[in-house]
Amino acid sequence: AYIAVLIDRGYDLIHVLRDPSGARCYFLAELSGVHVFFSEAGDYVPLAGDVRPDAGFLRSFLRYPPHLGRRTGFAGVAELAPGECAIYAREERSLQSRWTPQAVAANQPALSWRAGIDVLRTTTEDCVRSRTAGLEKIALRLSGGFDSSVVLGLLRGCSQAEIVCVNEYWEGAPEGDERDQ
């Protein structure tokens, strides 16, 4: 995960680009006219001093935790989305998507159903192999649903590591109980 800062002195522009993987969260805020980017709240809070909660966001989050969006639990702090670029000119700021899965897919030729399955399988296996290369043990959280079951199957076929599975469930979990499905 990375964030790239590109300075274009010819046009007096600063581009702050978040990598498209989304593997690490990056946030932006403004403190006394200074734009701040950070990934850990513990780094931001001492700088900000007076940190207030975003009560509207917190109400929504408590009702439906898996939210999608830019807002955070802090007033005045927003998330920079994966593949998004914050562009700073002299007097203004804008946000632009520089990478989206839809844009990548739009530039690819349409595949037959069988070819799509083969490409998805090969790509997924390659990702699992590269991510687990050199690992001796892997812990996998199983929800009991389809996705984690597929990941387990891929791990068993693509890795020599010892796999430890954990089934985490609590009464009233928002995603329900997938263990019996």
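Which residue does D126 form a salt bridge with? The partner is R129, with the closest N and O atoms 3.5 Å apart; a salt bridge here is a side-chain nitrogen of Lys or Arg within 4 Å of a carboxyl oxygen of Asp or Glu. Before going on, note that this is a predicted model, where local features need pLDDT of at least 70, side-chain atom pairs count only at pLDDT 80 or more, and totals for chains, interfaces and linings use all residues. Residues are numbered from 1 along each chain as its sequence is written, and side-chain values use heavy atoms, with hydrogens and water left out.

Back to helix α4, where D126 and R129 sit three residues apart, about one turn of the helix. (Helices are DSSP runs of H or I, at least four residues, and strands are runs of E, at least two, numbered from the N terminus.) D126 is partly exposed at 43% relative accessible area, and R129 is partly exposed too, at 38%. The cut-offs are: buried under 20%, exposed over 50%, partly exposed in between, using a 1.4 Å probe and protein chains only. Helix α4 (residues 113-132) also holds D118 and R114, and because they are four residues apart, about one helical turn separates them. Those two form a salt bridge as well, with the closest N and O atoms 3.0 Å apart.

The whole structure has seven salt bridges. One of them joins R70 and E84 at 2.7 Å, N to O. That pair links distant parts of the chain, with R70 in the loop between α2 (55-63) and β5 (78-80) and E84 in strand β6, 14 residues apart. R70 is partly exposed at 33%, whereas E84 is buried at 6%.

Strand β6 leads us to the sheet pairing. It runs antiparallel to β2 over four bridges, where two strands count as paired if DSSP finds at least two bridges between them. H15 has I87 as its bridge partner in β6, and H15 is itself the partner in β2 of L6. Six bridges join β2 to β1, again antiparallel. The β1-β2 hairpin has four residues between its strands, and there D12 takes a positive phi near 50°, although D12 is not a glycine. D12 is partly exposed at 34%.

Now look at Y88, also in strand β6 (residues 84-88). Y88 is buried, at 8%. Leaving out residues up to four places away in sequence, Y88 touches D12, L13, I14, V16, L28, H35, F37 and R93, a contact being heavy atoms within 4.5 Å.
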